[in-house]
Amino acid sequence: MQPLIIFGTKPRTTTVDKGKFYCPNCSVEKGDQRQYERKKVRNYFSLYFVPVIPLGAGQEFIECQFCENAWQPDVLDMVFKPKRRIAPLADQLNTLEQRLRDGTPVEYAVADLTAAGLDRDVALQNVQRVIGDTRKHCPDCGLTYADNVEQCAEDDTPLVHKNRSD
């Protein structure tokens with residue numbers, strides 16, 4: 001009688017690293033960092049169901065320990081940007097002057113007002129009524145601001161004066 005030899009290939013997964021990251025699935029709303037495990041899966045030649053010889057280099061992936069989704073390793077380079085929640089229109093109109101004076105770019109204020117349901121022309125008229133024609137702008141990104149704001153909210157560049165007619 002011939003001896004029975006059982007062989008084949010079998011994947012083996014090992015944990016290479018652990019840490020925290022922004023999971024694209026479950027960190028989206030709040031921006032909480034989640035625990036992850038960097039894992040490497042590699043095929044092995046197995047003899048009697050025991051992995052013996054590694055085959056190939058294997059592949060790495062990131063596994064979220066909260067939702068258990070797997071991601072490419074470059075997910076660790078992702079920077080979290082929270083979703084902007086749009087306040088009700090009445091709140092937006094009531095706080096428009098303060099937000100513009102506190103450094104909110106005019107373009108962002110108009111976008112928020114229109115997202116809350118206000119017509120764009122009416123939104124621009126409200127901004128005009130609150131801060132007038134004199135504006136400052138960022139020479140790098142082009143955003144415009146109320147006259148009292150000194151630096152760009154996006155890139156901290158010093159602002160320069162700009163008249164609306166420019």
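In this predicted model, helix 2 and helix 3 cross in a right-handed sense. Helix 3 covers residues 120-131, and its axis lies 9 Å from that of helix 2, at an angle of about 135 degrees. Angles over 145 degrees would count as roughly antiparallel, and helix 2 and helix 3 are therefore described as oblique to each other. On the side of helix 2 the contact is made by Val106, Val110, Leu113 and Thr114, while helix 3 contributes Arg120, Ala123, Leu124, Val127 and Ile131. Sorted by class, the contact of helix 2 with helix 3 holds seven nonpolar residues, one polar residue and one charged residue.

Helix 2 also meets helix 1. Helix 1 spans residues 89-101 and helix 2 spans residues 106-115; their axes come within 10 Å and cross at roughly 175 degrees. That angle makes helix 1 roughly antiparallel to helix 2. Helix 1 takes part in the contact through Leu89, Gln92, Leu93, Leu96, Arg99 and Leu100, and helix 2 through Val106, Ala109, Asp112 and Leu113. The classes here are seven nonpolar, one polar and two charged residues.

The remaining helix pair is helix 1 with helix 3. Their axes are 10 Å apart, and the two helices pack at an angle of about 55 degrees. This makes helix 1 oblique to helix 3, and the crossing of helix 1 and helix 3 is right-handed. From helix 1, the residues Leu93, Leu96, Glu97, Leu100 and Arg101 meet Asn126, Val127, Val130 and Ile131 of helix 3. By class, the contact of helix 1 with helix 3 consists of six nonpolar, one polar and two charged residues.

Strand 5, residues 134-137, and strand 6, residues 144-146, run antiparallel and are joined by three bridges. Arginine 135 has alanine 146 in strand 6 as its bridge partner. Strand 5 and strand 6 form a hairpin with six residues between them, and in its turn glycine 142 has a positive phi of about 85 degrees.

Four strands make up an open sheet in the order 1-2-3-4, with antiparallel pairing. Strand 1 and strand 4 (70-71) are at the edges and have a single partner strand each, so one side of each is left without a neighbour in the sheet.

Two of the residue pairs can be named: arginine 38 has isoleucine 62 in strand 3 as its bridge partner, and tyrosine 44 has proline 54 in strand 3. Strand 2 and strand 3 form a hairpin with two residues between the strands, where tyrosine 48 takes a positive phi near 55 degrees.

Strand 3 is joined to strand 4 by two bridges, and these strands run antiparallel as well. Here glutamate 63 is paired with alanine 70 in strand 4. The hairpin of strand 3 and strand 4 has five residues between the strands, and glutamate 68 in the turn has a positive phi of about 65 degrees.

A pair of aromatic rings is described by the distance of the centres and the angle of the planes. The model has one aromatic pair by the rule used here. The ring centres of phenylalanine 21 and tyrosine 36 are 5.5 Å apart and the planes are at 80 degrees, so the pair is edge-to-face. Phenylalanine 21 belongs to strand 1 (residues 7-21) and tyrosine 36 to strand 2 (residues 34-47); the pair links distant parts of the chain, 15 residues apart.

Notes. Residues numbered from 1 in each chain as written. Predicted model: local features only at pLDDT ≥ 70, side-chain atom pairs only at ≥ 80, totals over all residues. Heavy atoms only, no water. Axes fitted to C-alpha atoms, helices over the stretch in contact; angles between N-to-C directions. Parallel < 35°, antiparallel > 145°, perpendicular 65-115°, else oblique. Contact = heavy atoms within 4.5 Å. Nonpolar A, V, L, I, M, F, W, Y, C, P; charged D, E, K, R; others polar. Left-handed = near helix turned anticlockwise from the far one by under 90°. Pairing = 2+ DSSP bridges. Phe/Tyr/Trp six-rings, centres within 6.5 Å; stacked < 30°, edge-to-face > 60°.
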